[in-house]
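This briefing is meant for a reader meeting the structure for the first time. Please keep the sequence and the model in view while reading.

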Amino acid sequence: MTGDSHRDIERSSDAGTDDGTGDVDDGVPGAPPARRPGETPLLLDVMLGKLATYLRMCGYDAAYAGNRDAETDDAAVALAETEGRVLVTRDRELAARADPAVLLSSRDVVEQLRELVDAGFELALTDTPEFCSACNGRLERVDRTEPTPDYAPATYEATVWRCRECGQHFWKGSHWDDVRETLADL
């Protein structure tokens, strides 16, 4: 990340958050608006597929343009607008066309995560995974009486979730621990 201000990283129409009284709470003066998983649906452009996986594991509804037929700039902007998503991109021209948008500068996923933290995103693993890290579908807990595929642990050994869209199974294993460690180092 460069020494530039956060304004160069994030372009958003949000001036703050309404606390229900009509007053806007900006938090720390000059700080970017807070972005929380349940409140901030995202659209990641085609350069950010790996980042989408991390964000989904943190509880963000993180659609990936490559999976949503939104590979062109026009399609990405239209999808973000239609679905009320914050567009996350490394493309300066694309970020300028979308509002709200977050412009990242790094190609490295860990540095991208740091840039998001600096831009006000809350990044921590959720207690209960909500989104499939592969396709962004909703996860459901697999009943303890149900069998699991060979690649997944048995439900009596670990809590297992299944994607309602693609059918993949997930559990908190070594990959979960690796992501937790990466996020802790931010």
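This is a predicted model: local features need pLDDT of at least 70, side-chain atom pairs count only at pLDDT 80 or more; totals for chains, interfaces and linings use all residues.

Residues are numbered from 1 along each chain as its sequence is written, and side-chain values use heavy atoms, with hydrogens and water left out. Helices (H or I, at least four residues) and strands (E, at least two) are DSSP runs, numbered from the N terminus.

- Helix α1 spans residues 49-57, and its buried residues (under 20% relative accessible area, with a 1.4 Å probe and protein chains only) are Leu51, Ala52, Tyr54, Leu55, Arg56 and Met57.
- These buried residues pack, with contact meaning heavy atoms within 4.5 Å, against the strands β4 (42-44), β5 and β6 (86-89) and against the helices α4 and α5 (174-184).
- After α1 comes Gly59, which has a positive phi near 95 degrees.

**How α1 meets α4**

- Two packed helices are described by the angle between their axes and the distance between the axes.
- The axes of α1 and α4, which are lines fitted to C-alpha atoms over the stretch in contact, with angles from 0 to 180 degrees between N-to-C directions, come within 10 Å and cross at roughly 55 degrees.
- That angle makes α1 oblique to α4, because angles under 35 degrees count as roughly parallel, over 145 as roughly antiparallel, 65 to 115 as roughly perpendicular and the rest as oblique.
- On the α1 side, Lys50, Leu51, Tyr54 and Leu55 meet Val109, Gln112, Leu113 and Leu116 of α4.
- The residues of this contact divide into 6 nonpolar, 1 polar and 1 charged, where Ala, Val, Leu, Ile, Met, Phe, Trp, Tyr, Cys and Pro count as nonpolar, Asp, Glu, Lys and Arg as charged, and the others, Gly among them, as polar.

**Backbone features in loops**

- A cis peptide bond, with omega about 10 degrees, joins Asp99 to Pro100, and Pro100 is found in the loop between α3 (92-97) and β7 (101-103).
- Asp69, a residue other than glycine, has a positive phi near 55 degrees, and its place is in the loop between β5 (62-64) and α2 (73-83).
- Asp69 counts as exposed (over 50%) because its relative accessibility is 68%.
- Asn136, also a residue other than glycine, has a positive phi near 75 degrees and sits in the loop between α4 (109-118) and β8 (139-141).
- Asn136 has 12% relative accessibility and therefore counts as buried.
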